[in-house]
Amino acid sequence: MKKFFIILCAVLFGLAPALIQAQVSLNGTVVDEQSRDAVAGVTVLSNDNSVNTTTNEYGKFTISSNKEISSLTFIRIGYLKKVVQIIDPSKPVFVQLTQAPLQMTGVEVIGNNQLQKAQSIGTLTKEDLSRASGLSLENSINNIPGVQMQSRTPWGGARISIRGYYPNFSQNSNGFGYQLFINNIPVTDATGSTIMDDIDYSNLGSVEVIKGPASGLYGGFIAGTVNLTTAKPNPNETSFDQQTLGGSYGLFRTNTGFRTANENSDMVVNYGHQTYNSFRPNSRSIKDYVQFTGDFKADDRQSISTYFAYANSYEQLSGEIDSIDFYNRLAIDNPVYALNNSQIKIQSFRTGVTDYYKIDEHFTNQTTLFATGNSFSQPFAHGFTDMNKINFGGRTAFGFQTQGDNIGLNGTLGLFTQQTNYTSNGYFIPFKSPSDQENYALNYYVFTEWNIFLPMQFVVTVGGSLNKNEFGIKNLLKNNAIQDSSTLIVKAFDPYFTPSISILKLITENISVYGSISMGYTPPALSSIINSDNSINLSLKPESAVQYEIGTKGNFLKSKFSYQLALFDLENTDKLVSEKIGAVSLTTNAGKQQNLGAELSLSCLAISDENSTVSLLRPWLSYTYSDFTYKNFKSDNNNNAATIDFSGKDVARVPRNMFNMGIDMATDIGLYAFGSFQFVDKVPVTFDNSNYMKSYDLLSAKIGYQKKFGNHFSFDVAVGGDNLLSSTYYSYIFVGPTIGGLEQPKDGGTGDGYILPGSYKPTFYGNLTISYAL
């Protein structure tokens, strides 16, 4: 018996280490770094690849091994591979996956979510946004085929064109026809205007551009929707960051930031200050930004996201110049603008809170409440405008999903509403009469979209939105006389339904083809129904459009090659255009426009090996072809001897060909380099196509080095340059019916010029970012 006891003890003690190791078990959660949504289907591997598992629909996983687990590797298509070191196996692991940078032409990520969307969508990751200085969105977003961003000043007055959709009426210096959101909060207000001077692009983490109407989720705006998302902090880390950037023409920028994140919350606080003297006189810029974001996880069912931003922006306006001065490469200002000390001052705040709640395994709800406000002051060439604006509202969306044996269904039903109240006073020199207005705008839409997953990998999507807009205008001062304060003019547009339908087929798990039809609706901006003499134009109708699109997207050869191809026909009716009756400028519905186009993206992930000397090598390209023409498009709707018919002419401001290409490289020692080239074809600047802007090329490059020292310090130093070929290019152009209304008097015209030049010479910058992680 004694011997048996000794042998038994020896066996048990001998097995004890193995028994103990067999109980090593880890659990955790995997989420998307930007959206914080759970990521299902992630492969989780132990350090020796001996055991693996996958995350469930809630992003949860559990992995067990009879060996010590010192690290876990997380892999999923559309995301960067991530390795997490395990220090304490008793603590849950919280992992944030980053969308794979530049997998599509440096601008598109093709993952499972993208493959199942029957629409062309461009996506920028944080790595894409860091390709240049990171202070402007143009260098990055203009690489997306079908998208072109222009700016009236070096750091302000921006607008985005999606598939050639531009306003053709007099208030065409702000964004129009698309919606812009930042962290689910609208930048586009209820008046229909999008002003981006107060957005700090240096703190963005991702950008999504939905091309064409997306009525099932975002209302019926014809051009599409742009979603900006701020950057998240590194998971399970608290850090202090200091960035300093200097460049040509007095560019100086600092960012001072605090970032922290754990399993249940994250927070970012940043202050930015920027100054710029410009290559033209009277074109200085000064900006200050304060931003706070926070995400808080209440439990497995609920999370809350918060956002607050304050901006103080000052942009001098040096004005447009004519073509003679432009092609003589004269860095001059417009004397009319200088005489009136033209500038734009904006102080603004933007805040919102988003609540995400998982009701049960089938139903979810996401609700955002927001408020924005700004004070706007602008002396311009022929007068001034002062404005104070408050915008508030909310968006709520209920989600549903279920899966049967052969058919799956998910969908969204929601409501968006916002109201803008503002006071405005100004003076327009030709009429020598001031205005003092108290106006409001109301915009709301009910939206729904349903995806039906059928056998044989077919997906049918149906959706639509019911849109309603209303403007109220109260002019307290007209013709130099005080008006009855009770006089309110209301322009209420009839409700407008914009449906959409698409069908998609997954050819393989990595390639899909699709076709879609969607309708769009864009009412006039509130400013466009107010004529230059302060009279009100109540006869304007909304623009409407139908978009037909077919396309394919995907990746192959183990995701080494990625592509996206889209062909579309966007037919736009009741186009809004400016006309002049005597001295009065007004807006009218003048006709139709047909946009036929093709968009192509290609990318090759030639090298992606962390252990190789060259750890990353990725060439990419994008191409846009635009055959856009006017159809039954006239200078006015009077149809008399003075009416000019522009039918059959190319659409002004849209280049027929745009081409981008580049290469991205990184090494195992921390060196990295980016290079890109852009070609923009000639464009007509008049509706009659009698005058064109010449084509131009742009070459940009950036080289840097990043390194981590110990467990706390890291730095990133880089230098870069833009317009390295010294091209003569424009940053913004105005268009009109004929050249006579655009050129300055010395050219025989009556306008103020129409060209905002970019820098004629190469510009350079240098950046140093130092981070300290606790």
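Ala, Val, Leu, Ile, Met, Phe, Trp, Tyr, Cys and Pro count as nonpolar, Asp, Glu, Lys and Arg as charged, and the others, Gly among them, as polar. The exercises below concern a predicted model.

**Exercise 1. Describe the second largest cavity: its volume, the residues closest to its centre, the strands that supply its lining, and the classes of its lining residues.**

Step 1. A search of the whole structure returns eleven cavities of 30 Å³ or more, and the second largest cavity has a volume of about 200 Å³.

Step 2. This second largest cavity is lined by 18 residues, of which Val187, Asp189, Arg350, Thr372 and Asn374 are the closest to its centre.

Step 3. At least two lining residues come from each of β20 (343–358), β21 (363–380) and β22 (383–403).

Step 4. Sorted by class, the lining comprises seven nonpolar, seven polar and four charged residues.

**Exercise 2. Is Ala118 buried or exposed, and which residues does Ala118 touch beyond its neighbours up to four places away in sequence?**

Step 1. Ala118 is located in the loop that runs between α2 (112–115) and β8 (121–124).

Step 2. Because its relative accessibility is 13%, and buried means under 20%, Ala118 counts as buried.

Step 3. When residues up to four places away in sequence are set aside, Ala118 touches Ser502, Leu504, Tyr514 and Ser516.

**Exercise 3. Identify the residues that touch the most other members of the largest nonpolar core, and follow the contacts of Met196.**

Step 1. The largest nonpolar core holds 74 residues, and those touching the most other members are Leu137, Ile141, Ile160, Met196, Val207, Val226 and Leu228.

Step 2. Apart from its neighbours within four places in sequence, Met196 is in contact with Met149, Ala158, Arg159, Ile160, Tyr178, Leu180 and Tyr201.

Step 3. There is also a second, separate core of 26 residues, which includes Ile321, Phe326, Val685 and Tyr696.

Step 4. As background, nonpolar side chains tend to be buried together in soluble globular proteins.

**Exercise 4. Where do Asn341, Gln457 and Asp668 lie, and why does each count as partly exposed?**

Step 1. Asn341 belongs to the loop between α7 (335–339) and β20, and its phi is near 50°, a positive value in a residue other than glycine. Asn341 counts as partly exposed because its relative accessibility is 44%.

Step 2. Gln457 lies in the loop between β24 (433–454) and β25 (458–478), and here phi is near 65°, again a positive value in a residue other than glycine. With a relative accessible area of 46%, Gln457 is therefore partly exposed.

Step 3. Asp668 is placed in the loop between β35 (657–667) and β36 (671–680), and because its relative accessibility is 42%, Asp668 counts as partly exposed.

Step 4. Not counting residues up to four places away in sequence, Asp668 touches Glu610, Ser612, Thr613 and Ser615; the C-alpha atoms of Asp668 and Ser612, which are 56 residues apart along the chain, are separated by 6.5 Å.

**Exercise 5. How many helices and strands does the protein chain have, and what percentage of its residues is buried?**

Step 1. The protein chain contains seven helices and 43 strands.

Step 2. Of its 774 residues, 54% are buried, and the chain exposes about 32,000 Å², with 59% of that area supplied by carbon and sulfur atoms.

Step 3. Taking the contacts between residues at least 6 apart in sequence, 64% join residues at least 24 apart.

Conventions
Residues are numbered from 1 along each chain as its sequence is written. This is a predicted model: local features need pLDDT of at least 70, side-chain atom pairs count only at pLDDT 80 or more; totals for chains, interfaces and linings use all residues. Side-chain values use heavy atoms; hydrogens and water are left out. On a 1 Å grid over the protein atoms alone, a cavity is a set of points where a 1.4 Å probe fits but cannot get out, and a pocket is an open set with protein on both sides within 12 Å along at least five of seven lines; lining residues have an atom within 4 Å of a point. Grid points are joined across faces, edges and corners, and a volume is the space filled by probe spheres set on the points. Helices (H or I, at least four residues) and strands (E, at least two) are DSSP runs, numbered from the N terminus. Buried means under 20% relative accessible area, exposed over 50%, partly exposed in between (1.4 Å probe, protein chains only). Contact means heavy atoms within 4.5 Å. A nonpolar core is a set of buried Ala, Val, Leu, Ile, Met, Phe, Trp, Tyr and Cys residues joined through side-chain atoms within 4.5 Å. Accessible areas come from the Shrake-Rupley method with a 1.4 Å probe; for residues, only the protein chains shown count as cover.
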